Amino acid sequence: MEAWAELGVFTPATIQLVAITLVSLLACYFIFNIYNFFFYQSFRMATDGVSLDLPENTVHISMNNDSCTLSYIEVSPTDGESKPNILLLHGQKFNASTWDKDTGTMSKLQEWGYRAVAVNIRDEYTSQCTDGSEENKAILVHKLIETLKLKKVVIVSPSMSGTFSVPYVTCGRYDDEIVGYIPVAPVIHSSYSEDNFKKLKLKALIVQGENDKLPVASRSMKLLQNIPNSNVVIIAEAGHPCYLNQPIVWHQHLRDFLSTL
């Protein structure tokens, strides 16, 4: 030790630097784990329903003199009942198969007699046919519904997918296509205010996880609660992707809401 000290290795400045580095690493570790807890809530995926291992299909959307190809999975009711069609979007870290393999939601919707389509939709998938503007995203969702021949649509829209669903729902041009909206802590652009939601005539189920502390969740809740015909559900012991954390509870509320349409 004395030899190292003579070489200047264990100077007060060096010891201080090492201590600061260790404290910084520990702080980063705890911050990461706190974020991970609130966002994923440990992903306790006690899947309610079964995975159907659905094959992917593709749909071509033409707009703005160009086109883009989106992939999707689909289930149809076995009894042929005429019920609303369900369009499921997804968050940034997920994809269409989340609704099949991770939650069992697709099998539940089929069991309940609904046609359901889960689409892989992100900006990188749609950049060929939309410039990313709010208006073009609304048109894109309309074109998707039109091309897939969905009727009396209910849109399930968690997190990132709000950048697509909110422009569509609030633009007022496609009110005859959609009968229900289920936003799950969706991302809402800063240009939107409470007035954009006060005028909506559709029925909405606003869903959020009890432990979702992300800013996007509090902002979306503040705005979405202005939808006149809406109910709010806070899912206990769940984070941002509450449908993954508590799939049984999620399916209970989903089925109850759909039965009112």
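How many salt bridges does the structure hold?

Analyst: The model is predicted, so local features need pLDDT of at least 70 and side-chain atom pairs count only at pLDDT 80 or more, while totals for chains, interfaces and linings use all residues. Residues are numbered from 1 along each chain as its sequence is written, and side-chain values use heavy atoms, with hydrogens and water left out.

The structure holds three salt bridges; the term denotes a side-chain nitrogen of Lys or Arg within 4 Å of a carboxyl oxygen of Asp or Glu. In general, side chains of opposite charge can pair when their charged atoms come close.

One of these bridges joins the side chains of Arg-115 and Glu-74, with an N to O distance of 2.6 Å. The two partners come from distant parts of the chain, 41 residues apart: Arg-115 lies in the loop between α4 (105-111) and β4 (116-119), and Glu-74 in strand β2 (residues 66-75). Helices (H or I, at least four residues) and strands (E, at least two) are DSSP runs numbered from the N terminus. The accessibility classes are buried, under 20% relative accessible area, exposed, over 50%, and partly exposed, in between (1.4 Å probe, protein chains only). On this scale Arg-115 is buried, at 18%, whereas Glu-74 is partly exposed, at 24%.

Another bridge is formed by the side chains of Asp-53 and Lys-101, at 3.9 Å from N to O. Asp-53 counts as exposed, with a relative accessibility of 54%, and Lys-101 is partly exposed, with a relative accessible area of 45%.

The remaining bridge connects Asp-195 with Lys-198, whose closest N and O atoms are 3.9 Å apart. Both residues belong to helix α8 (residues 194-198), where a spacing of three residues separates them by about one helical turn. An α-helix has 3.6 residues a turn, so residues three or four places apart point the same way. Asp-195 is exposed, at 53% relative accessibility, and Lys-198 is partly exposed, at 42%.

Asp-212 is a charged residue without such a partner. It sits in the loop between β7 (203-209) and α9 (215-224). Asp-212 is buried yet has no salt bridge, and the nearest side chain of opposite charge, that of Lys-213, is 8.2 Å away; Lys and Arg count here as positive and Asp and Glu as negative, with His and the chain ends not counted. The side chain of Asp-212 does make a polar contact with the side chain of His-240, at 2.6 Å. A polar contact is a pair of N or O atoms within 3.5 Å; within protein, one must be able to donate a hydrogen and the other to accept it, and residues adjacent in sequence count only if both atoms are side-chain atoms.

Asp-175 occupies the loop between α7 and β6 (178-184) and is partly exposed, with a relative accessible area of 46%. Its C-alpha atom is separated by 7.8 Å from that of Leu-202, 27 residues away along the chain. Helix α7 (residues 162-170) is mostly covered, with eight of its nine residues buried; Phe-164 and Tyr-168 are among them. Just after α7, Gly-172 adopts a positive phi of about 85 degrees.

Tyr-168 also belongs to the nonpolar surroundings. A nonpolar core is a set of buried Ala, Val, Leu, Ile, Met, Phe, Trp, Tyr and Cys residues joined through side-chain atoms within 4.5 Å. The largest such core has 41 residues, and those with the most contacts inside it are Leu-87, Val-119, Ile-155, Tyr-168 and Phe-197. Helix α6 (residues 134-147) gives the most to this core, contributing six residues. A second, separate core of 30 residues includes Ile-73, Leu-88, Ala-116 and Val-184.

Across the whole chain, which has eleven helices and eight strands, buried residues make up 48% of the 261 residues. Of the contacts (heavy atoms within 4.5 Å) with a separation of 6 or more, 78% come from residues 24 or more positions apart. The structure holds zero disulfides, a disulfide being a pair of cysteine sulfur atoms within 2.5 Å. Cys-171 is partly exposed, at 25% relative accessibility, and Cys-242 is buried, at 0%.
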